[in-house]
Amino acid sequence: MKTVLVPIDLSATTATVCAAAVAFARNVNGKLLFLHIVQPPVITSDYGIAMENLEELVSVSEKSATTQLEVLKKQFETPDQPVETMQLTGAPAPLILEEARKCGADYIVMGSHGHTALYDLLVGTTTHGVLKQANCPVLIIPAVSGEARRKRQI
C-alpha cells in the first residue's frame with residue numbers, strides 16, 4: 001500500500017486539498033496521513049513578544065489544531081480509506097520533508113497557497129520548499145476562489 005502524505009494548514013482550502021488527496025489515494029491504493037505543522041509566530045522586531053506569551057500562543061494553536069484534525073479525520077475517513085493524523089511544531093517545509101522521509105511517503109499532496117505576502121517574503125513558501133527538495137512526487141492542489149468554485153458548480 002502506498003503512503004500519501006497530506007500537509008494541511010487548516011485554512012479555508014484545507015477541505016479541498018483533503019478531498020483531492022482522498023480521491024488520489026483511492027486511485028493509487030494509498031493510505032492517508034494528514035499532517036499539520038503549528039508554526040510559532042514570526043517575530044520581526046527586537047520588541048517581540050515575551051517567551052511566556054509565545055509558549056502560550058503555540059499551546060493554544062496546538063490544541064486548536066488537534067481538534068480540527070479530529071474533525072477532518074471524521075469527515076474524510078471511511079472503512080475502506082483510513083486516515084491517520086499527525087501534528088508537529090516548527091518550520092513547515094523542513095518538517096514536511098523529514099516526515100515524508102520517516103513515513104516513506106510515496107506521494108505528497110498539498111495546496112498551492114501559502115500565508116500572507118509578508119510571511120512568504122520573510123520565510124518563503126512552504127509548497128515551493130517542499131517541491132524543490134522532495135524525494136517523491138508532489139501533487140499540488142490549486143487554491144480555488146469562491147467565484148471559480150461557483151462556476152464549477154454551474
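Aromatic rings of Phe, Tyr and Trp are taken to pair if their centres lie within 6.5 Å, and planes over 60 degrees apart count as edge-to-face. In this predicted model, a search of the whole structure on that basis finds two aromatic pairs. In the pair formed by Phe-24 and Tyr-107, the ring centres are 4.9 Å apart and the planes stand at 85°, so the arrangement is edge-to-face. Because Phe-24 belongs to helix H1 and Tyr-107 to strand E4, this pair ties together parts that are 83 residues apart in sequence. The rings of Phe-34 and Phe-76 also make a pair, with centres 6.2 Å apart and planes at 75°, and this pair is therefore edge-to-face. Here too distant parts of the chain are linked, since Phe-34 lies in strand E2 and Phe-76 in helix H2, 42 residues apart. Phe-34 counts as buried because its relative accessibility is 0%, where the cut-off is under 20%. Phe-76, with a relative accessible area of 11%, is buried as well.

An open sheet is formed by five strands in the order E3-E2-E1-E4-E5, and the pairing is parallel. Its edge strands are E3 (83–89) and E5 (138–141), each of which pairs on one side only. On average, neighbouring strands of the sheet are turned by 25° against each other, direction ignored. In general, the strands of a sheet pair through backbone hydrogen bonds, either parallel or antiparallel.

Strand E1 pairs with E2 in the parallel sense over seven bridges. Along this pairing, Val-4 stands opposite Leu-32 in E2, and Ile-8 stands opposite His-36 in E2. E1 is also joined to strand E4 (residues 107–111) by two bridges, and these strands run parallel; Leu-5 stands opposite Ile-108 in E4. Six of the seven residues of E1 are buried, so this strand is largely enclosed by the rest of the structure.

Helices lie across the strands. H1 lies across E1, E2, E4 and E5, and runs at about 175° to E1. Together, E1, H1 and E2 make a right-handed β-α-β unit. Helix H5 (residues 126–133) lies across E4 and E5, running at about 160° to E4.

The largest nonpolar core contains 20 residues, of which Val-6, Ile-8, Leu-32, Phe-34 and Leu-72 touch the most other members. Strand E1 (2–8), helix H1 (14–27), strand E2 (30–38) and helix H2 (51–76) are the elements that give two or more residues to this core. Apart from this core lies another, of 16 residues, which includes Leu-33, Leu-35, Ala-134 and Cys-136. When residues up to four places away in sequence are not counted, Leu-72 touches Ile-8, Leu-10, Thr-14, Cys-18 and Phe-34.

Methods: Residues are numbered from 1 along each chain as its sequence is written. This is a predicted model: local features need pLDDT of at least 70, side-chain atom pairs count only at pLDDT 80 or more; totals for chains, interfaces and linings use all residues. Side-chain values use heavy atoms; hydrogens and water are left out. A nonpolar core is a set of buried Ala, Val, Leu, Ile, Met, Phe, Trp, Tyr and Cys residues joined through side-chain atoms within 4.5 Å. Buried means under 20% relative accessible area, exposed over 50%, partly exposed in between (1.4 Å probe, protein chains only). Helices (H or I, at least four residues) and strands (E, at least two) are DSSP runs, numbered from the N terminus. Contact means heavy atoms within 4.5 Å. Two strands pair if DSSP finds at least two bridges between them. A crossover is right-handed if, with the strands pointing away from the viewer, the path from the first strand over the helix to the second runs clockwise. Axes are lines fitted to C-alpha atoms, for helices over the stretch in contact, and angles run from 0 to 180 degrees between N-to-C directions. Rings of Phe, Tyr and Trp (its six-membered ring) pair if their centres lie within 6.5 Å; planes under 30 degrees apart count as stacked, over 60 as edge-to-face and the rest as tilted.
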